[in-house]
Amino acid sequence: MTPKVIAGAEDIRRIIARISHEILERNHSSKDLAFIGMRTRGVPLAQRLASSIKQFEGLDVPLGILDFSLYRDDLAHQGPGPLVRATNIPFNIDNEIIILVDDVIFTGRSARAAIDALIDLGRPASIQLAVLVDRGHRELPIRPDYVGKNIPSSKHEDIVVHLSEVDGIDEILITSSQETMKEG
Amino acid sequence: MIGELLIKGGHIIDPSQELDQRADLLISEGRIIKLAQNLDVPGAGIIDAEGLIVSPGFIDLHSHLRTPGFEEKEDISSGTRSAAKGGFTTVLAMPNTEPPLDNLSTITLLMTLAEKEGVIRVLPVGCITRGRKGKEIVDMGELSQAGVVALSDDGSSVADASVMYQAMCYSLAFNLILIEHCEEPALAADGQVNEGIVATRLGLKGIPTEAEDIIVARDILLAQATGSRVHIAHVSTATSVNIIRKAKEKGIKVTAEATPHHLTMTEESLLGYDTLAKVKPPLRREEDRQALIQGVADGTIDVIATDHSPHTDAEKMVEFDKAPFGISGFETALPLLLGLVRDGYISLYQLIDMLTEKPARIIGKLNLGTLKTGSPAEVTLFDPEKEWLVSKNSLISKGKNTPLIGQMLKGKVMATIFGDEFAYLDESMRIEHA
Amino acid sequence: MAGKRRHILDLDDFSAEEITGVFSVAEAMREVMGRPVKKTPALRGKVVATLFYEPSTRTKVSFDLAAKMLSAEVLSLQPQTTSVAKGESLIDTAHTLEALGVDILILRHASSGAPYLAAQNTSLNIINAGDGWHAHPTQALLDLYTIWRHKGSLEGLKVTIVGDIKHSRVARSNIWGLTTMGAKVTLCCPYTLLPANLGNTGSLFPEVSLKPDIYSALEGADVVMTLRLQRERQAYGDLPSIREYTNLYQINDERLKLAKKDVVLLHPGPVNEDIELASACVYGPNSLIKEQVTNGVAVRMALLYLLSQGWHK
């Protein structure tokens with residue numbers, strides 16, 4: 001199956017704008033908010049959300065990077081490659097409202113690992129989860145608070161998100177899973 | 001009991017008679033009867049030796065049968081059957097036993113056991129010094145009468161030059177040859193492998209080549225001074241080969257042996273800490289190996305000796321520096337040496353000469369290592385092309401300690417005749433009765 | 001090299017990419033060490049055993065801490081108090097640990113090659129924590145990592161190793177690692193403390209240079225690595241006296257001036273103060289000795305993590 005583009009740069013821009021509004025609406029302001037991007041593509045998404053909120057509210061929102069590799073339950077099944085990189089959260093997460101950001105939610109195991117990783121770092125007021133794509137097939141009782149796009153997919157398919165900061169282009173693709181490496 | 005046996009159609013190589021031709025060989029009741037073309041003997045058993053080499057039984061001037069004292073490593077039965085499987089009909093047993101072969105009663109014990117349990121001839125080597133301690137020379141006269149054919153403190157050198165000088169002088173009266181394990185003890189102390197690139201890489205204490213060369217040179221000078229004969233055991237270095245070559249040119253009475261493993265392996269075998277390749281003298285560099293081969297080819301090295309040194313698995317399955325030195329060598333000697341023939345370094349005739357007539361001459365047993373009519377029937381039949389897998393099960397010796405385990409070797413002994421018996425007979429061999 | 005790495009026995013089979021990979025994972029581990037809760041669940045349910053046949057404080061503590069911060073079960077075996085004292089062989093001990101469900105065995109042994117014996121005869125993952133004179137790969141990796149953090153790269157750095165190279169597993173592993181990473185290595189010691197076949201053509205490391213004179217060895221050095229001098233060396237005849245060694249080879253402030261201004265100083269510890277290293281230097285401005293200890297935990301966490309996860313070379 002040739003990869004099929006299901007969303008482009010303009011779609012993604014709109015999704016970011018919508019999700020930032022939803023975040024502000026639900027939390028009443030940007031005060032006490034902090035964004036933490038899950039490696040790899042959650043990081044630019046968190047940056048975009050933060051700058052979008054700055055546009056609306058004029059306030060800098062703290063931004064961090066989380067590598068949750070050490071908390072995964074499926075490492076032995078992962079292929080070769082750089083296995084773990086540093087977490088960089090340059091602020092105290094205690095009592096903050098943490099918006100955890102990832103590109104795709106699938107089984108929910110990454111989100112579980114990320115939540116565990118965060119909790120080892122402190123005691124946030126709350127953790128909310130924002131994703132660009134929800135492709136279904138959850139294996140854990142985890143539900144994102146903000147979803148860019150629901151894309152029902154089969155297990156033989158893969159959803160691939162490309163972001164210009166990492167991949168040079170903004171797009172969401174659907175492809176058969178044999179053709180691509182599993183993404184986080 | 002073999003009785004009358006005709007070995008038909010084999011390629012006979014017997015350097016003692018300068019024979020290298022296709023012929024039939026008749027033996028009867030433990031003696032060589034006749035060697036001729038197209039023999040036909042009604043009633044005799046027949047072995048089809050088509051495609052096989054037929055030679056005098058091999059003689060090994062250097063082996064460790066571990067008896068008495070270390071029967072868990074080897075005993076007379078396992079050791080002589082192992083030797084027979086390697087094609088040997090006479091082996092010299094080194095005296096580093098417990099107690100050592102430095103006295104009449106221990107030597108008599110060994111000879112009695114050899115007579116009773118051995119399937120080939122075992123000739124004892126006595127110690128040079130009492131207890132192999134390097135201090136006092138043994139009662140050479142008594143040992144000579146007991147039947148020792150040579151003296152050696154093998155396992156170590158006679159470190160004290162004055163003791164070696166006395167031993168050489170004293171031995172002259174009995175025409176006993178002294179076999180020296182050349183290793184200067186202080187230079188070699190705690191050494192594990194050849195000093196050099198591999199020792200550095202493995203972080204092991206090295207044994208420099210000079211530890212050997214110094215004693216080789218010393219003993220040659222002492223032999224020259226005393227007029228005694230000295231036989232240099234397991235030569236391993238290029239310099240030692242050169243020293244021996246020069247000494248022979250000057251007419252000094254020195255002979256020398258090399259082992260199959262030093263002729264075919266180098267220190268590289270130790271990478272990965274294979275204790276099975278841990279041996280003394282240590283496997284050396286390729287340059288040394290080439291010099292040894294050159295020495296074999298030009299006659300500087302007189303004979304091949306196995307230095308068969310069996311050890312138990314448990315002794316070798318330990319940290320490298322705790323493992324004993326030694327390779328179990330009887331059964332792999334011939335195929336390793338045939339490799340040198342195939343590679344064109346020496347002829348098959350030269351090889352057989354170094355395994356039969358030359359060692360017989362060194363120990364002064366001219367009735368051995370020959371197929372002359374009337375000699376004891378000691379005959380080795382081997383197939384130089386037959387391949388076989390070295391495995392722990394394939395080895396008769398109790399010592400499975402060879403780095404060749406798992407390798408396919410080319411060349412196999414098919415039958416070893418000792419007197420009126422087959423000391424070894426490959427299961428594929430048949431004796432026909434016409 | 002393809003395939004999974006099951007053991008860390010020596011640095012002779014590590015590629016530059018693999019070493020750089022260790023650095024990047026160690027960076028992540030340093031972040032974990034800086035947290036208020038210094039623990040992650042990466043090795044939860046794994047059993048890590050340390051078996052030290054030679055006394056060691058810092059290496060053992062460093063491994064224990066690394067394994068604990070990754071939530072492994074840690075089994076510390078003291079051969080002096082276990083059945084090893086009753087004559088149990090290394091292989092028997094390793095088989096027993098395997099049967100007990102140990103996943104990773106960290107082994108320190110006085111015999112060069114001992115970790116190979118355990119690796120060849122059991123299914124355990126083995127980490128060599130120092131064997132005889134042979135190798136100390138985790139120490140070398142932490143040394144390389146410490147230099148890399150300070151210099152950004154190892155390529156082209158002039159690294160001078162001073163001391164008893166011959167009997168030093170730390171030196172051997174560092175020479176493998178440094179040359180693999182493109183550093184220029186100079187060895188400085190009396191010739192009696194130099195192993196055979198180093199730094200000449202046809203030798204193990206032809207690119208390494210030998211300078212028995214401390215002044216020329218230190219000239220222009222980016223990194224100076226000193227080794228612990230074992231006092232027995234004098235008794236073995238390798239040195240005329242400790243006093244003469246100190247006079248000729250001690251690293252002090254005066255001599256360090258010959259090196260580059262931003263030279264960094266390493267020592268695997270413990271230091272014989274005022275023998276191989278002047279005490280003023282140990283905690284001086286160029287010294288990374290304390291940081292080596294911290295980085296040791298990070299590197300060992302990285303290695304435990306990579307091994308436990310099926311490390312692709």
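User: What separation is there between the centres of domain 1 of chain C and domain 2 of chain C?

Analyst: 25 Å, taken over C-alpha atoms. The domain bounds come from an automatic or database domain assignment, which gives domain 1 as 4–136 + 293–312 and domain 2 as 138–292. Keep in mind that this is a predicted model: local features need pLDDT of at least 70, side-chain atom pairs count only at pLDDT 80 or more, and totals for chains, interfaces and linings use all residues. Residues are numbered from 1 along each chain as its sequence is written, while chains are lettered from A and ligands numbered from 1 in the order in which they are written.

User: How many residues of domain 1 of chain C are in contact with domain 2 of chain C?

Analyst: 27, and they meet 23 residues of domain 2 of chain C. Two residues are in contact if their C-beta atoms, placed from the backbone, lie within 7 Å. On the domain 1 side, α12(C) gives the most, with seven residues. Helices (H or I, at least four residues) and strands (E, at least two) are DSSP runs, numbered from the N terminus.

User: Where is B:I33, and which residues does B:I33 touch?

Analyst: B:I33 is in strand β3 (residues 31–36) of chain B. Not counting residues up to four places away in sequence, B:I33 touches B:L26, B:I27, B:S28 and B:T373.
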